[in-house]
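Have the structure open while you read.

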Amino acid sequence: MLKDTTRGVEHALWGVVGITLLAAVVFLASVPLSTPAQAVVAICAVIVVALLKPAAHVPMVRYVLLATASFIVLRYLFWRISYTLPFDADIPSQIAAYVLLMAELQAVCVFFLSAFVTAQPADRPLPPIIDYAEELPTVDVLVPSYNEPADMLSVTLAAASMMRYPRDRLKVILCDDGGTDQRCNHSDPDLAAASRRRRAELQEMCKELGVIYATRERNVGAKAGNMSSALENLDGELVVVLDADHVPTQDFLERTVGHFIADPKLFLVQTPHFFINKDPIERNLGLAEKCPPENEMFYGIIQPGIDNWGSTLFCGSAAILRRQALDEAGGFAGESITEDAETALDIHARGWHSMYVNHAVIAGLQPETFSSFIGQRSRWASGMMQIFLLKNPIFKRGLTIYQRLCYLNMIGFWLFPLVRMVFLCAPLAYLFFGLEIFSANVEQFSVYVLSYLVVSLLVQNTLFRRYRWPLISELYETAQTPYLARAVLSTFWSPRSPSFNVTSKDETLDKESVSPIARPLIILFLLMVAGVAAGITRYALFPGDRDAVTIVTGWAIFNFVVVGTALGAVCEKPQRRARPRVSVREAATLHTGDGLEYAATLLDVSMGGTRIEVPLGSATKGAGSALLASLRPGQQVTVRPLLKDEGAPNFPILCHVASVQRSPHALIVGLSYAAQQARGARFSVASIMFRDSLMWQAKRLQGRNGPGLVMGVLYYLWLAIRTIPASVMAIIRDALSPKPDNTGEIRAVIEQAHPFRFGVEMQPSFADPAPQPVGADPITLHQDAALPADAGPRKSGATQ
């Protein structure tokens, strides 16, 4: 209670300080100034912001920087509203001008909300150490699934079952919505047969892994309904939610559960989503390796920021929730297709607390193709609009003012497709049709608009430099704009119409191709080209309008560069691996048969194979290293890892040689896993790939030294020069090439990957336990394997 009171007083004080500072800034920003005086003020403000930028990690310096930037932004806004609107123009011009102004107002709101959200990011400590297992709450781990392949599910289920936690307090449940009674008895015989095969396959897999298989009668309520149905037959005090491709590390529960014991009112601990593969925009454009992933800005700075204001967002996976809070809210919310954010909103409104632990304890997969990426983001955009329309946080009872602002910031972000479309098309209104959308001369534009843009970019680089390079946000948003704009508008038109679609994570591309959904972005690019051409034409034909034409054509050229660079997102690069490889460096031995054994080093590993280095002269047993030269593709060998962790399952893995490369001092051997394996091999692969969260966290931190504003803009220009011509040529080649029905198809690949589980200080049991049904109806929920009891008390607490 004292902690809550202290936090409330702190937030109240910050609120008073913020309101006072904002009032002073607003007053100063509203004072009329001549254009020369404004120029002096703008130059001084830009210099102040630039000088303060290196020391912005100091709170007081950051507040002064933000206040100075806010002053320039508000100066621009007052000037924009007072002097630039074409009040005497024709009706079409006024409509276009006010639409542009509304888009700018949204951008200004996002500026201030972002400054508020990131003003003081929370930095959570490790949870307290729990001395005895009896003090730990019981945990149910839900892995919802609809159409994901069994090999992907087996990875997550087995890893979840081997998290460090007392066995008698941990249950892992596969919530299978692809094998419901409704689907198994479907009128389509092919669908019914496939669903029955899936159910039988997953039941057998769960029996082998010792986890619970759950399904239900009907597919109602999508993911939220699936999980809520499973909870009806469970009684764990905490609920972990993991997407089918989100594989937890061994310390997932150690880094999270203790917080629930320390705070009885805590309902949510969310952790970052870390991905081991690149998203399609990042891959197709070939962004620099040091460029942070697109989602890192949200998980690196936005989530810690809203956590400070008690508004941590439930992101649908890699999270733990308190069952009591879920039950009070009626289970997982399902009125929108973003059940995660909706659930958090409902429970926040009931006074429960939340927390964000900024440490990666899962590794997952991003969509591999641009079309899947757009499908995922369209669902997010539609879902957030549904929440705004159906459960508007501005008016929802129970939320604090800070929580309302945080939710408004998160929802308002997803208006970017409409706002960016306005910014892209606004100059065309003048260049194509002569509409007057902005009344200003070159001097005024330079003094007000350029200072506003420069300050905005400086602030963005200050707040997000470690998480987002300059103009990369513009790149990602532009690539999504023509697709998500339709999704947002359709949701406003019919808030209850969007439906939940599962994002595919196991796609591959055989060769370079243009995305099948490329047309909207190509059309947008052609419009930008036409806009630049129209600007050049107007400059030549109308000498009296050259001030306005210069400004608007410069805007059109910027749009051309941004859209042209984004066009590279639809030019798909080959992606033949459905399971990305993880770089490692672990000791192992290679057994080639006939008693021969060689020291080796594991270089990388995936769920389909591994690559090892075998030093020449490394024979530890047998006839010597000369026999290594006899390795041939297809030859069967065995690799035994030599992990040093206590209790690590160093079981042999049966492999086939895929490739052999010789260097002066070693052989590099590519191996694929054999289809038939001893059970222990699965645990060995798991331990190599997913046992250590510090590896994922280190990868997150590698990209945290972003360039400054100037170098970032130069990098973007280089990216544009490299990308635009290549993308145009790729699209032309694709348009001219013949297209058989089976060419360029995106296909889902199900590899011969194997289920596994892992753990430290725990030896997996390899005896198949007998099935133990749970619940009245074994079809809706049953336990296919008993979990081994824990040997005794265990400490739960992460160590660094």
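1. Start with strand β15 (residues 609-615), which runs antiparallel to β19 and is joined to it by seven bridges. Within this pairing, R611 sits opposite G670 of β19. Strands here are DSSP E runs of at least two residues, and helices are H or I runs of at least four, numbered from the N terminus; two strands pair if DSSP finds at least two bridges between them.

2. A word on the source: this is a predicted model, where local features need pLDDT of at least 70 and side-chain atom pairs count only at pLDDT 80 or more, while totals for chains, interfaces and linings use all residues. Residues are numbered from 1 along each chain as its sequence is written, and side-chain values use heavy atoms, with hydrogens and water left out.

3. Back to β19: strand β18 (residues 653-662) also pairs with β19, antiparallel and over seven bridges. V660 faces V669 in β19, and three residues separate β18 from β19 in a hairpin.

4. Why call β19 (residues 666-673) largely enclosed by the rest of the structure? Because seven of its eight residues are buried (under 20% relative accessible area, 1.4 Å probe, protein chains only).

5. Now look at helix α7 (residues 189-209). Its 21 residues reach 30 Å from first C-alpha to last, close to the 30 Å expected at 1.5 Å a residue (1.5 Å times one less than the number of residues). Buried residues in α7 include A192, S195, R199 and L202. Just after α7, G210 takes a positive phi of about 75 degrees.

Key. Buried < 20%, exposed > 50% of the residue type's maximum accessible area, 1.4 Å probe, protein only.
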